[in-house]
Amino acid sequence: MGLFRYSWRTFLREMLLLALAALWWLPFYILTTTSVKPSSEGFTSPFQLPGHPDLGIYAQAWQGSGNGSLGQALESSLIITIGSVMALIALGSSAAYVVARRGGRPGNVVYLLFVLGIILPYQLGIVPLYAAFRRLGLVGNYAGMVLLYTGLLMPLTVFLYTGFVRALPRDYEEAAQVDGAGHGRIFFRVVFPLLRPVTGTVAILTGLIIWNDFFLPLVFLSGTAYITLPVAVYSFVGEYGAQWNLIFAAVAISILPVLGFFLLAQRQLIRSFGGGIKG
Amino acid sequence: MASVTFARVDKIYPDGTRAVSGLDLEVSDGELMVFVGPSGCGKTTVLRMVAGLEEITSGELRIGGQVVNKVEPRQRDVAMVFQNYALYPHMSVFDNIAFPLAARRLPKREIRERVTRTAALLGLEEHLKRRPRNLSGGQRQRVAMGRAIVRQPQVFLMDEPLSNLDAKLRVQMRVEISRLQKQLGVTTIYVTHDQVEAMTMGDRIALLRNGVLQQLGTPQELYNRPANLFAATFLGSPAMNLFQATIRKGGDGLAVDIGSQCIPLPSIAVNGHLSEYVGRRIAVGVRPEHMIEPSAVRAGHPRIRGEVVMVETLGSERLVHLRVAAEPVVTDDLLEVARDVDVATVEALRDEVREGAMVAVARFDADAAVSAGGPQEAAIRPDKIHFFDLETGMAIR
């Protein structure tokens, strides 16, 4: 082996791949540079590095635009996302377990209804949904949003869990049954821990959908102090123009928690995705 | 500790498959009963019915005198060792063994004491903190045993617990399980399709075929007095040699015609009902160890001639494969046993029928002078000849 570990071919190939990877960084580059440039500079020279980076734009964005601070929106997003994901996991996994294991024919019908729930666009029912929620006092608060997301994403959650439970060998449950465990203990002590890989998938998938959702918080939370990050970011868009540097700074702030979570939990996430069941 | 009684137990699956038919037997208190048979014979279904994992279609199942047909698995006080052990992969060895005790809400101190004692009994003390996936096959097997015995249940159920182990470990664990069972004195139902396990471990063996009990008895009874062709061929390795033959009167007694050979039967070989079969085709069975070299016996023994096609030298003995001009016995029972061994065995049996000659295996002494290619006679121990009705497959006694 020589000192140079590449041949010309492999060197070119690797350079090409690096260039391709850099392409993925481009949006982040534009996001971060624009967020510290004066508004005008963002339009005149979008790809250049900022002449005088101004971190004050972040402070300004953090203050928000009248509808409460970005900090408050961050708190709302965290509460709604974490609350909904926890409810989805708790209810979805147990519902899927029943559908997959004790269903029989009725179970299949219920499963089919859940699958239909994924296909049908919820936007069609948004008006009666809003009316009903308002009558029940669920508009403009956390409980309403958690309930809304739990309901809307339950089909996807049940679908994912059911597929996994069906592939899970029954032996563990039967062993637990003979060992003297009741239904509750079998589910919480034996089955649920075995569902870890799919629980990871559900948490990330539904978590991202809820975190990034713009439409529902706009409809159900507008005008309250509980708006989530995407709505708060949008509030920098005015009728006659947008303050792009503020918007990009706000977007950067709203990405940070998700990015931090991925970096911290990366190893566990990959393990849970690729783990499966090992006896 | 308790007895387990099956009273006319049937199991029919919703799709109409009849897995168990009219099972009638009692496993006595403290006994190790082995259910054996080819795959699909219903033995695992029987076990799962005792565990409560399978509903009983009709009949009655009693554990310790109490009818348990409708009793939930967790209330039956039985413990089961699964074929793939079914150890909870996310729990440590300690938690796996402790699980049945925790499910019964025993105090933590007692759980710790009992798990520690069980682990010591099975030599698992060092592994209590490890996860099942970090254990060897034999250790996992021990953990599964531990989880079963820690509860001191009324009945142990074991579903082919050794089938995932390599040959050497299997022998070792076989001895260990037998020892433990005797030491604890717990009634045990053990399911296997391995006849060696059945013979060596069972106090009694229940031989099943297509969900029907074929024969029930001690290993020696089943081996020495098989009730039918199925029992005769299933137990024993190499299997019993079965020749088609015609029974007839000859000289001062009975004789059998095997191919062109007429073999007179000494009176010791003849039993009560055999004379009723004069003139009819029957199956004659002789185990390999009862076909021996002629020089080792007196002159009066019946003999059979053939051509040596192969000699297997095993050190302590030689297996002589004799090609005998005789029709082999091919019944549904035999085909089923053959199929369970290997598809090639079924083909070999069909070839023999086509050629009108079969290969019988004789067990000669290690120093017997015999070589492939030549003609050879084998002496048959007259008191060890089995006769079967070809139509019913039942032993003629």
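Which residues lie nearest the centre of the largest pocket? In this predicted model, that position is taken by B:Ala239, B:Met240, B:Ala338, B:Thr345 and B:Leu349, which belong to a lining of 29 residues. The space within the largest pocket amounts to about 860 Å³. Several elements of chain B each contribute at least two residues to this lining, namely the helices α8 (229-234), α9 (332-341) and α10 (343-355) together with the strands β11 (241-250), β17 (317-324) and β18 (358-365). By class, the lining of the largest pocket comprises 17 nonpolar, eight polar and four charged residues.

The second largest pocket holds about 690 Å³ of space. Its lining consists of 25 residues, and those closest to the centre are A:Arg101, A:Arg102, A:Arg170, A:Gln177 and A:His183. Two or more lining residues come from each of α4 (70-101), α8 (171-178) and α9 (183-194) of chain A. Of these elements, α4(A) gives the most, with four residues. The lining of the second largest pocket includes 12 charged residues, alongside eight nonpolar and five polar ones.

B:Ser21 is part of strand β2, which spans residues 18-27 of that chain. Because its relative accessibility is 18%, and buried residues are those under 20%, B:Ser21 is classed as buried. The side chain of B:Ser21 forms a polar contact of 3.2 Å with the side chain of B:Arg18. When neighbours within four places in sequence are set aside, B:Ser21 is in contact with B:Val9, B:Asp10, B:Gly211 and B:Val212.

Key:
Residues numbered from 1 in each chain as written. Chains lettered and ligands numbered in written order. Predicted model: local features only at pLDDT ≥ 70, side-chain atom pairs only at ≥ 80, totals over all residues. Heavy atoms only, no water. 1 Å grid on protein atoms, 1.4 Å probe; cavity = no way out; pocket = protein on both sides within 12 Å on 5 of 7 lines; lining within 4 Å. Points joined across faces, edges and corners; volume = space filled by probe spheres on them. Nonpolar A, V, L, I, M, F, W, Y, C, P; charged D, E, K, R; others polar. Buried < 20%, exposed > 50% of the residue type's maximum accessible area, 1.4 Å probe, protein only. Polar contact = N/O pair within 3.5 Å; in protein donor to acceptor, adjacent residues only side chain to side chain. Contact = heavy atoms within 4.5 Å.
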